[in-house]
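Have the chain in view as you read.

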Amino acid sequence: MLPWYQHIPFFSIVLMMIAGIFTSIVHRGRAALAVHLCAVSAVLAGNAALFANIVPAGETFTYNLGIVGHPFGNELVCGPLEVTLALTFLTVMALCVLGGYKGIFEDIEPEKQNLYFVMCDLIMASLLAMVYTNDAFTAYVFIEINTISACALVMAKDSGATLVATIRYLMMSLLGSGMFLMGLTLLYHITGHLLIIDIHEQVVHLAETGSYLLPLTVVMGLMTLGLCLKSALFPFHTWLPDAHGSATTSSSAILSGLVLKGYIVLLIKCIFSIFGEHIFRSFHVGDALLVMGVAAMVYGSVKAMGETHIKRMIAYSSVAQIGYIYLGFGLGGEAAAAAAIYQILVHAFTKPLLFVCAGELAEASGHRKQMYYLRGAGHRAKLAGIGFTVGGLSMIGLPLLGGFAVKFFLADAALSGSWRMWVALGALAVSSVLNALYYLPAIIQIWTIREHGADDLPQLPAVKPGAAVAVSIVLLAVGGILLGVFCTPVGDLISTGLSLL
């Protein structure tokens, strides 16, 4: 008889999928929102209980699905890292929807609003499945569910710009999915297994005997490149600014804070659970990730400096921040990988915070998103201004904020004496300076007081956020601050979970 808490990962995925089915028949948008939030809250409570039961003991377990056992059945696996990621994604999903709910009901036609929350349910189910699955093909299935649902979130705001952005996103994402599937097909042909633990045993055996080295190289390249495409790593990022710039606020927050992270979680499984970190590095795939990560950090920041549209600026910042994650994977070693995972957590809280606050600041500026029109918006929407300031300073790397902890962990992991150290430290220094060069002017702009008649900008009234938006901004900001203050225990938790993969 299994302990009760070991059933939670399975029922979490199933409950979110059932919520999606039920939401589709609830025709009122606000009722669908209530169903979605109730489902997320219930699953969040279950995963919090799971966290409390397994993390103190450092426990990890495998859960068999159905009556067919290993090695032919399907499995879920759960440990400290998996449940931490699940808790983060569930919390951020709820806060993204709360923070952007006004935009959902303003930008989306009433008869389609319930379908928006169906897509949110499916995205949450797919993220949980990608976190917990121990089956490579199951991961691919939920990759596709995640992709289609994310496309629907982008195009939910029915306009020409969102349709074009969705088509570009769909083309790039399906290309990545196809590459991942081709790699997985070859891997199945070589190893004869789909369960991750069995694949790993066969890969280790093949690497030791020197068999199928070229096919293994192709498999690693296809699966890694496919996930890089889907997670918008430079130079595969071109769809991201348009998708963020044209979508409604909650869609931008979910896409940046959550959707991209699911694919990176799968990459973590590929590196540490499928291939093994040592084998992955021996094929020099990590060196390619290091180069692309550094390029993303610099290119994304440079492009953000030239943007005058606040949401596109934040989107290019996401390109740079994704580069930090891949820098950690490229450096190699558990310390660098733990720093990369820490960046996943920090980015999951901070980037939705910036998008939600940007939406409020734009609303306080007559729904205009150009930086010129946002002058003084922080005084008209004070809570959003404070939240944007906290998020921007975190991205720059101010001490006691999550962004500083990430840069500290990455720099510490880079101090190995190899050539990667100089590349990583240089990239971190340059990127931090560039981050300051576009976030500080934006922060100054929103807090600059406009004098009546001094320019052609109209005087606009103050805007008070609704209770849901206020809760979202406060909790997202608190999450980013806590990740900066309690970086040592959270970092230890990540390292413990990583060692159990």
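A residue is called buried under 20% relative accessible area, exposed over 50%, and partly exposed in between (1.4 Å probe, protein chains only). Keep in mind that this is a predicted model, where local features need pLDDT of at least 70, side-chain atom pairs count only at pLDDT 80 or more, and totals for chains, interfaces and linings use all residues. Residues are numbered from 1 along each chain as its sequence is written, and side-chain values use heavy atoms, leaving out hydrogens and water.

Now for the rings. Searching the whole structure turns up 16 aromatic pairs. Rings of Phe, Tyr and Trp (its six-membered ring) pair if their centres lie within 6.5 Å; planes under 30 degrees apart are stacked, over 60 edge-to-face, and the rest tilted. Here are two of those pairs:

| Pair | Centre to centre | Between planes | Type |
|---|---|---|---|
| Phe137 and Tyr140 | 5.9 Å | 40° | tilted |
| Tyr342 and Phe409 | 5.2 Å | 70° | edge-to-face |

Phe137 and Tyr140 sit 3 residues apart in helix α6 (residues 136–155), so about one helical turn separates them. Helices here are DSSP runs (H or I, at least four residues), numbered from the N terminus. Phe137 is partly exposed at 38% relative accessible area, while Tyr140 is buried at 13%.

The other pair links distant parts of the chain: Tyr342 belongs to helix α15 (residues 334–363) and Phe409 to helix α18 (residues 402–414), 67 residues apart. Is Tyr342 buried or exposed? With a relative accessible area of 1%, Tyr342 is buried.

There's also an aromatic cluster, formed by Tyr101, Phe105, Tyr116 and Phe117.

Notes:
Helices (H or I, at least four residues) and strands (E, at least two) are DSSP runs, numbered from the N terminus.
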